[in-house]
Amino acid sequence: MLPQSLAMEPPMRWRNALRQLAPLSLALGILSIALKNQLSFYIHPRYQLITTAAAIIVIVIVLIHTYYSIKQKNTNTPSKKNVWTLLAGCTLLFLPAYPLLPQQVEPSYAIPLGDSQAQLCDFDALSHKPHTLAGWKVLFANCDTPGAFNNREITIEGVVAADPTSYERFLVQRLVISCCAVDATLNTFYVTHNGWQQVAAPNTWVRITGTLKSIDPNNRGYSITDATITSIEQPDNPYNILSDDIPTL
Amino acid sequence: MLTLEQDIQKFITLALSVIIEAFPFVVLGILVSTVVSLYVKPEWLVRILPKQRFLRRLVLSFLGVLMPVCECGNIPVARSLIARGLHHGDVTAFLLAAPIINPITILSTMTAFSFNPSIVWWRVGAGLGIALIAAYCVSIFTPKKALQPALAHACESAHAPPKATLSRGVQLFMSEFQLIASLLVFGALLVAATQVLIPNEVYQAVSDNLFLSILSMMALGFVLSICSSVDAFFALAYVAVMPTASIIAFLIVGPMVDIKMLTLMRTIFKPKALALLFIVIIVVATIISYGASYALA
């Protein structure tokens, strides 16, 4: 009499085992992105550890399941439809990873707001001073006094874009996320710098250090002047995280 | 104007961001559902939960406090609860309320809207109210008419859990993972396609009209499918340009029905029941948001 593990057709067992490749590839794809330190292209840093742990858990379980499938202890057959859909996801995971770029997100009318309606015009009184492009934008949105930050020194990093309204000015842009690339919104800063085309190419990453100047004395818009422009590599985290840099009193 | 290559790249990045963000919560949810399937006996649930239907649903609505994961992680748990014999109306209350009434969501909403704490209470109250109303409405269907055939059968013949072995646990996990993960991928592809095809500006073009702004923010939440634990920070960016009522609508509807959740909820409900749930949630959320606009004026 045949042992129970050989009771089923061997090709069926191997077919079941092969179909485990789809969930395995999905988890491996996520793990490979984590190992290449590219999870920040897609999600908030706070999720990266649990995502990596979840991928490892799934890989272990799939391997055990495959072993049981071959040993004939499990008989569930994944549907072809599920396998193909998973494989579609896996294909995307193994393509070269790119973060979302500022030019891929439409300018938003939305203005990031801080966590209070307090007037945050007194820069020196702030217990948390902004250090990212998103943080500065929050500060501007939370101070009604035009020109309150004139002559403040500022350093930001972002991607260069031409300003269609001025030849002497260009834009530094950075995407802000709350959770993942799906909710990315675009933040933009003006930089006034004669001949900027010689030192900053569009769609490249730069660090700008300069001084804030009101664009118009009657509103809250600023431009960076006296700017030092340095080309940099794309940062590990290409996005600003809004909740990490909210200026507070 | 983006080139086709940039559009494709954007589509891939957005789809992957949804898959990767939801992945750990789905895995956690399936682990919990596997434990429920292996160890929870139907008679325990009957003994522990209140006999009175409203109270039972109220208790289940607060189950998210014990399981503060992204809404997609609740789907496998809900499936296992139905398979353990809970009524689909009761499970609906859990499924819709848990993403909102959980400590992480409440804390992030309080942090984001510390300048307007009433938004937190509107969110929690409305989430609870809608979950209970939707649970009542979906109860008009019998399990056979509301649930996918396999679940309806499991619900009717709920029996003692099988002997808990590693082999059985792994098998349960994998069969659930293959189903839920494939639908997650499908939902993520839909979310990304919709985002590439419909620019965000469309949603903000109607901010002057209260009714349209409520609808447009609900539509934004539906399309974006952001995790409920952080959507408050996203909504924060719209406070200056959209009416408060529409922000509340976004915070209520997003965690309950979005493209990703609807795709996953298809593993539980038949299309008619799902359509009813969708309509009830949208209608009640609109009414509540209108109420909020007057109360907060």
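Helices (H or I, at least four residues) and strands (E, at least two) are DSSP runs, numbered from the N terminus. This is a predicted model, in which local features need pLDDT of at least 70, side-chain atom pairs count only at pLDDT 80 or more, and totals for chains, interfaces and linings use all residues. Residues are numbered from 1 along each chain as its sequence is written, chains are lettered from A and ligands numbered from 1 in the order in which they are written, and side-chain values use heavy atoms, with hydrogens and water left out.

View 1. Helix α4(B) covers residues 71-83. From first C-alpha to last, its 13 residues reach 19 Å, close to the expected 18 Å (1.5 Å times one less than the number of residues). Because 13 of the 13 residues are buried, α4(B) is largely enclosed by the rest of the structure. Buried here means under 20% relative accessible area, exposed over 50%, and partly exposed in between (1.4 Å probe, protein chains only). Just past α4(B) sits Gly85(B), with a positive phi of about 105°.

**View 2. Phe269(B) in the largest nonpolar core.** A nonpolar core is a set of buried Ala, Val, Leu, Ile, Met, Phe, Trp, Tyr and Cys residues joined through side-chain atoms within 4.5 Å. The largest one has 144 residues, and Phe23(B) and Phe269(B) have the most contacts inside it. Helix α1 of chain B (residues 4-39) supplies the largest share of this core, 14 residues. Apart from it lies another core of 26 residues, including Phe170(A) and Trp196(A). Back at Phe269(B), its contacts (heavy atoms within 4.5 Å), not counting residues up to four places away in sequence, include His88(B), Leu95(B), Val138(B) and Leu277(B).

View 3. Thr51(A) belongs to helix α3 of chain A, residues 48-70. Setting aside neighbours within four places in sequence, Thr51(A) is in contact with Ile30(A), Leu39(A) and Ile43(A), plus Ile20(B), Phe23(B) and Pro24(B).

**View 4. Chain A, element by element.** Chain A has five helices and six strands, running α-α-α-α-α-β-β-β-β-β-β from the N terminus. Of its 249 residues, 52% are buried. Among chain A contacts with a separation of 6 or more, 71% link residues 24 or more positions apart.
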